[in-house]
Amino acid sequence: MPAVLRPPAAEIMNDPNDTAHIRRQVWLIVAAVVAVYGLLRFSFGPLPQDPAYHLLADTRTCLGIIPRAGDVLTNLAILAAGLFGLALRPRMTVAPEARTAVNVLIAASILTAFGSAYYHWAPANVTLIWDRLPMAIVLMSLLALVMADRVHPLFAREGLWPFTALGIASVILWGVSEAMGEGDLLLYLIVRFGAGAAIVLLLILRQPRHSGTIWLMAAVACEIVMAAFERLDHEVFHLTGGLVSGHNLKHVMAGAALALVFWWLRVRTPLSAKTGSG
């Protein structure tokens with residue numbers, strides 16, 4: 001029989017005042033993101049998807065049936081990371097407030113592998129939607145978990161669905177606007193890079209409630225390397241003589257980053273109130 005998720009030593013008391021306070025903070029964050037989007041949209045107009053984004057370096061076919069095989073098959077690294085998280089789940093140190101966020105993170109990681117493979121099979125804006133949707137959910141659920149560790153444990157519960165809804169809405173807004181002939185990627189970029197920056201700042205500026213920060217920092221390092229590989233897709237392909245492309249390696253680094261996050265959830269231990277109050 002699988003082990004039960006182990007909560008931290010000190011369970012969080014569900015004080016109605018704390019819950020209401022955290023809930024207000026969550027919606028203020030969402031409102032601030034929407035306000036920033038509105039201001040930038042009004043000032044600079046829509047930001048369409050660059051068509052050149054789909055012109056990836058690796059166009060090789062495998063066995064005559066898998067197009068763009070390097071980019072399709074390297075999503076196995078992301079799938080492996082998601083399954084790794086699923087296998088570790090019963091032994092993770094997770095409070096009741098955070099269990100749903102962890103489950104969503106694992107499920108979205110697995111879905112990202114399939115969504116990304118689907119996109120790379122036939123790169124286009126319409127297939128890119130199914131790549132970005134689960135990625136947005138991964139990022140938003142991770143943000144909720146990091147805020148729970150660095151700000152208040154209730155962020156994992158109260159922040160999960162509003163943040164996830166914002167991430168999904170940013171992708172849908174882009175997809176619908178592209179279909180209407182005036183693509184607007186702006187909200188998605190604000191959500192994606194804003195959440196990433198928030199996670200990094202929280203890791204640097206706030207004290208943790210759990211040990212194992214080194215694993216999260218390693219995941220951030222993988223994300224930085226991943227971004228570099230994505231930008232240097234063609235250059236890496238040429239430098240390696242067509243062996244691997246930057247986008248191939250991006251998928252490998254994304255899988256490594258997710259695996260490190262799941263390992264953090266597995267090995268972390270609660271810190272004392274004195275050292276981990278944040």
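This report describes the overall fold of a predicted model and then a selection of its side-chain arrangements.

**Overall architecture**

The protein chain holds twelve helices and zero strands. Read from the N terminus, its elements therefore run α-α-α-α-α-α-α-α-α-α-α-α. The radius of gyration is 19 Å, close to the 19 Å that the globule rule gives for 278 residues, so the chain is as compact as a globular protein of that length. Taken along the principal axes, the box filled by the C-alpha atoms is roughly 55 × 45 × 30 Å. Of the 278 residues, 48% count as buried.

One pair of residues gives a sense of distance within the model. Isoleucine 29 is found in helix H1, which covers residues 16-44, and counts as partly exposed at 32% relative accessibility. The C-alpha atom of isoleucine 29 is separated by 38 Å from that of glutamate 235, and the two residues are 206 residues apart along the chain.

**Aromatic pairs**

A pair of aromatic rings is described by the distance of the centres and the angle of the planes. Across the whole structure, a search finds two aromatic pairs. Phenylalanine 84 and tryptophan 263 form a stacked pair, with 6.3 Å from centre to centre and 20 degrees between the planes. Phenylalanine 84 lies in helix H3 (residues 76-88) and tryptophan 263 in helix H11 (residues 246-267), so this pair ties together parts that are 179 residues apart in sequence.

The rings of tryptophan 215 and tryptophan 263 have their centres 6.5 Å apart and their planes at 85 degrees, so this pair is edge-to-face. Here too the pair links distant parts of the chain: tryptophan 215 belongs to helix H9 (residues 213-231) and tryptophan 263 to helix H11, 48 residues apart. Phe84, Trp215 and Trp263 form one aromatic cluster. The exposure of its members is set out below.

| Residue | Relative accessibility | Class |
|---|---|---|
| Phenylalanine 84 | 32% | partly exposed |
| Tryptophan 263 | 30% | partly exposed |
| Tryptophan 215 | 32% | partly exposed |

**Arginine 132 and two rings**

Aromatic rings also meet a charged side chain in this model. Arginine 132 lies over the face of tyrosine 53, at 5.4 Å from the ring centre. The charged end of arginine 132 also sits over the ring of tryptophan 174, 4.8 Å from its centre.

**Arginine 209**

Arginine 209 is placed in the loop between helix H8 (186-205) and H9. This arginine is buried yet has no salt bridge. The nearest side chain of opposite charge is that of aspartate 149, 6.6 Å away; a salt bridge requires the side-chain nitrogen to lie within 4 Å of a carboxyl oxygen.

**Histidine 247**

Helix H11 is also the place of histidine 247. With a relative accessible area of 3%, histidine 247 is buried, since buried means under 20%. Its side chain makes a polar contact of 3.2 Å with the side chain of histidine 120. Helix H11 thus carries both the buried histidine 247 and the partly exposed tryptophan 263.

Technical notes
Residues numbered from 1 in each chain as written. Predicted model: local features only at pLDDT ≥ 70, side-chain atom pairs only at ≥ 80, totals over all residues. Heavy atoms only, no water. Phe/Tyr/Trp six-rings, centres within 6.5 Å; stacked < 30°, edge-to-face > 60°. Helix = DSSP H or I, 4+ residues; strand = E, 2+ residues; numbered from the N terminus. Buried < 20%, exposed > 50% of the residue type's maximum accessible area, 1.4 Å probe, protein only. Lys NZ or Arg CZ within 6 Å of the ring centre and 35° of its normal. Lys, Arg positive; Asp, Glu negative; His and termini not counted. Rg over C-alpha atoms; globule rule 2.2 N^0.38 Å. Polar contact = N/O pair within 3.5 Å; in protein donor to acceptor, adjacent residues only side chain to side chain.
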